[in-house]
Amino acid sequence: MSASNITLTHPTAFLLVGVPGLEHLHIWISIPFCLAYTLALLGNCTLLLIIQADAALHEPMYLFLAMLAAIDVVLSSSALPKMLAIFWFRDREINFFACLVQMFFLHSFSIVESAVLLAMAFDRYVAICKPLHYTKVLTGSLITKIGMAAVARAVTLMTPLPFLLRCFHYCRGPVIAHCYCEHMAVVRLACGNTSFNNIYGIAVAMFIVVLDLLFVILSYIFILQAVLLLASQEARYKAFGTCVSHIGAILAFYTPVVISSVMHRVARHAAPHVHILLANFYLLFPPMVNPIIYGVKIKQIRERILGIFLRKDM
C-alpha cells in the first residue's frame, strides 16, 4: 500500500456535548456536580490520611476501605474536571487518545471497585463465620494479591477496547452526546461492523455485575446464617452491625447500575438527558457517599475524624 493511500481513520479530537438538550442549564447542573466532586475528594482523601497515619487501622477491613477510597478518587477525577470545564467554559474538545485513556480509566476502575466490594464481603464473611481464623486467612500478603488480581482483571478486560476503537473509521462525526468518553457513546460514531464491541461491552458488564454481585449475596447468606446462630440478640446485633456500612456501599454502587440498565430497556424513548444524568449519578454517587457511610458507621473512623476537628477548635 502506498503512503498516499494511508489516511487517518479517526478524528484528532472529539467534542463532548455535556447533557444533550440541557445545554442552557449547564451552569446550574454544574453546582450539584461540583459539590458532589468536592465532597468525594475531601471525604476519600480524609479516609486515606486517617488510615495511613494510624497504625491501629492497618487491619484488613480498613486496608480494603483505603483501596475503595483511592479507587473513588481516581474514578471521579477521571471525568469530573473535564465535565466541569464543559459546563463552565464550554471546553468541549477532548483529544482522541485522551478520550480513549479516560474511557479506559473509567471502566477499569469501575471493575476494580466491584472487585474490592466483593473482597470486603469476603472480609466480613471470614470475620463473622470464621473469627478464630481471621488473622491467619486475611494476611497482608493475601490482601496485596487480592488488590493485584482486581487490577489485573480490570486491565485484561478493558485493554482490548481502546485498540478496537482506534481501528474504526468515524464517519458519523466527532460529536459525543455525553459528558465523558463512555465506550458505547464512542462506538455509536463509528462506521463498519461494531457488533463485537456491542457484544463485548454487554458481556463484560454482565460478567462483572452478575458474578461479583452473586458472590456478594452468597457471602451475606452465610453471614446471616452465622449471625442467627449466635446465642444472644445483642451479639447478633453487634455482629451484623459490622456489615451495615459495607451493605450501604454495595447499594450505593450497584443500585445506580441496575436503575440505569432498567431505564435503557424500559424507557428507550426517554429524552437523552435522562440517561446521561443517570450515568453521571452512577459516577458521582458512590464516591460521594462511601466516606459518609463509613465515617458515620465505623466507630474508629468516626473517632479519628472527630479528633481532627476537636483539635482544630482548641
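I started at Ile176 and listed its contacts (heavy atoms within 4.5 Å). Leaving out residues up to four places away in sequence, Ile176 touches Phe14, Leu15, Leu16, Val17, Cys99, Cys181, Ala185, Val186 and Leu189.

I noted the ground rules next. This is a predicted model, where local features need pLDDT of at least 70, side-chain atom pairs count only at pLDDT 80 or more, and totals for chains, interfaces and linings use all residues. Residues are numbered from 1 along each chain as its sequence is written, and side-chain values use heavy atoms, without hydrogens and water.

Then I looked up the nonpolar core (buried Ala, Val, Leu, Ile, Met, Phe, Trp, Tyr and Cys joined through side-chain atoms within 4.5 Å). Buried means under 20% relative accessible area, with a 1.4 Å probe and protein chains only. The largest core has 86 residues, and Ile176 is among those with the most contacts inside it, along with Phe14, Met83, Phe87 and Tyr170. Helix α4 (residues 96-129) gives the most to this core, with 16 residues. I took helices as DSSP runs of H or I, at least four residues, numbered from the N terminus.

I searched for aromatic pairs (ring centres within 6.5 Å; edge-to-face is over 60 degrees between planes). The whole structure has 14. Phe33 and Phe87 pair edge-to-face, at 5.5 Å centre to centre and 80 degrees between the planes. Phe33 lies in helix α1 (residues 26-53) and Phe87 in helix α3 (residues 80-89), so their pair ties together parts 54 residues apart in sequence. Phe33 is buried at 9% relative accessible area, and Phe87 is buried at 3%. I also found one aromatic cluster made of Phe14, Phe96, Phe97 and Tyr170.

Notes: Buried < 20%, exposed > 50% of the residue type's maximum accessible area, 1.4 Å probe, protein only. Helix = DSSP H or I, 4+ residues; strand = E, 2+ residues; numbered from the N terminus. Phe/Tyr/Trp six-rings, centres within 6.5 Å; stacked < 30°, edge-to-face > 60°.
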